[in-house]
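Take a look at the structure below.

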Amino acid sequence: MMIRVLACLSLLFFLVPVTFVHGPKPRENDSQYINLQPIQLDSGNPLQKIVGRLEFLAGWKMSSENSNFGGFSAMLAMPNGRFFFLSDMGGLTGFTLNEKTNRAKRPFIAPLPDGPKQENEFAAQNWDAESLLHEPDTGQFWIGFEHQHSIWRYGRSFARKESATAIPAMQDWPKNGGAEALLKLKDGRFLIFSESALAKDGGYQALVVEGDPAETDSSVTSFSHTPPDGFRITDAALLPDGKALLLHRRFTPFEGVSAILSIADLTGISAGQNLQSKPIATLKPPLRVDNMEALAVTQEGKDTIVWMASDDNFSPFQETLLMKFRLLKGKTKRDGKPKKAVESENDKEKAGDKPGFSSLED
């Protein structure tokens, strides 16, 4: 009963945009220390490592006394174990992860140098940042903002804002359903995914941008994407072969929070197309899961590593998690499970059999 009560309380933080949560301004704490506490995928079964096509390698509960820590809606996994996390309050958190000692080395927590102008003084620097991209060759960063729907480009090390534009096609999107995910394809085009702007075909709106999405002279066309039934997209990341991993989340007061990772073939993505994806793993209780909003992909030798992080919505009922998985090889069956993986009870729902999914084999 108590778990259900807490789940219902947490629901408020999923349904109410953080930007509009008013109250006494807390006393600021600018601590730069970040604590990493190791976690298991399933605390009741430490041997549980496989979920769908993911193999759990490590995980941490992250915390800090800094007032601006948390609320992570996007992340970057950089070379040499360096991570950057983007807060939906417009803050940046970074550290170098030492997995052997479970330490966050060279940490920092700081606001963005600039962001969209807000409608009132209360939200003067409460930028609802949702998506993040980095170009290694130039060192530039792109951020997608909600409410003031726009794409901003920042210089190396986030030293300054370089350019920003409010793409006209985004202006009718719901205030809290903006640029939830950004991708830059190998051919130089950008993809922008709305979380909740409905498309005419029943999916959700998305954009293809030829050129820089932070510049006004770029060409923009529309397509749509269809998430798993009842879920909404929260982030996306490219795989080495050019396909995309898409992260989706759902919250219900009776089942709590869950997440689905799916894979999509971006070949031939164009205006008017509906992008469908194939679920490859489902995270839900009793597995350790929260409001999973951030996704990144790295390589360790021949292994593709998938990183996920959660947005705690600055709620005491939620956690800020960082989880590391190996992407398992082999073709995926219709239910999103690898042929040779050990199945958990968590994988027995046949997400791949739901309507609206392609028969993509990975």
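Start with a sheet. Four strands form an open sheet in the order S4-S5-S6-S7, and their pairing is antiparallel. Strands here are DSSP runs of E with at least two residues, helices are runs of H or I with at least four, and both are numbered from the N terminus. Two strands pair if DSSP finds at least two bridges between them. Strand S4 (72-77) and strand S7 (103-111) stand at the edges. Each has a single partner strand, so one side of each is left without a neighbour in the sheet. From one strand to the next, the twist averages 20°. Such angles lie between N-to-C directions and run from 0 to 180 degrees, with axes fitted as lines to C-alpha atoms, for helices over the stretch in contact. Now zoom in on one pair. Strand S6 (residues 91-98) is joined to S7 by seven bridges, and the two run antiparallel. Look for glycine 91, which stands opposite proline 111 in S7.

This is a predicted model, in which local features need pLDDT of at least 70, side-chain atom pairs count only at pLDDT 80 or more, and totals for chains, interfaces and linings use all residues. Residues are numbered from 1 along each chain as its sequence is written, and side-chain values use heavy atoms, leaving out hydrogens and water.

Move on to another open sheet. Its four strands have the order S8-S9-S10-S11, with antiparallel pairing. Strand S8 (129-135) and strand S11 (161-165) are the edge strands, and each pairs on one side only. Neighbouring strands in this sheet are turned by 20° against each other on average, with direction ignored. S8 pairs with strand S9 (residues 140-145) in the antiparallel sense, over six bridges. Within this pair, alanine 129 stands opposite phenylalanine 145 in S9.

Next comes strand S3 and its partners. S1 and S3 are antiparallel and share four bridges. Proline 38 has tryptophan 60 in S3 as its bridge partner. S2 and S3 are also joined, by two bridges, and run antiparallel. Here isoleucine 50 has glutamate 55 in S3 as its bridge partner. S2 and S3 form a hairpin with two residues between them. In the turn, glycine 52 has a positive phi of about 60°. S3 also runs antiparallel to S23, with eight bridges joining them.

Where is glutamine 48? Glutamine 48 lies in the loop between strand S1 (35-38) and strand S2 (50-51). Glutamine 48 counts as buried (under 20% relative accessible area; exposed is over 50%, partly exposed in between, with a 1.4 Å probe and protein chains only). Its relative accessible area is 12%. A polar atom of the glutamine 48 side chain lies 2.4 Å from the backbone oxygen of isoleucine 50.

Now look inside. In soluble globular proteins, nonpolar side chains tend to be buried together. A nonpolar core is a set of buried Ala, Val, Leu, Ile, Met, Phe, Trp, Tyr and Cys residues joined through side-chain atoms within 4.5 Å. The largest core has 28 residues, and Leu54, Leu245, Leu261, Leu283, Val306, Met308 and Phe325 touch the most other members. Several strands each supply at least two residues of this core, including strand S3 (54-63), strand S18 (256-264) and strand S23 (320-327). A second, separate core has 20 residues, among them Ala58, Met62, Phe95 and Ile109. Not counting residues up to four places away in sequence, leucine 54 touches residues including Lys49, Leu261, Val306 and Phe325. Contact means heavy atoms within 4.5 Å.

Alanine 264 is found in strand S18, and its relative accessibility is 0%. Alanine 264 and serine 277 are 13 residues apart in sequence, yet 4.4 Å apart in space, C-alpha to C-alpha.

Which sense of pairing does S15 have with strand S19 (residues 274-276), parallel or antiparallel? The two pair in the parallel sense, over three bridges. There, serine 224 stands opposite asparagine 274 in S19.

Finally, step back. The chain has one helix and 23 strands. Of its 362 residues, 55% are buried.

Notes:
A polar contact is a pair of N or O atoms within 3.5 Å; within protein, one must be able to donate a hydrogen and the other to accept it, and residues adjacent in sequence count only if both atoms are side-chain atoms.
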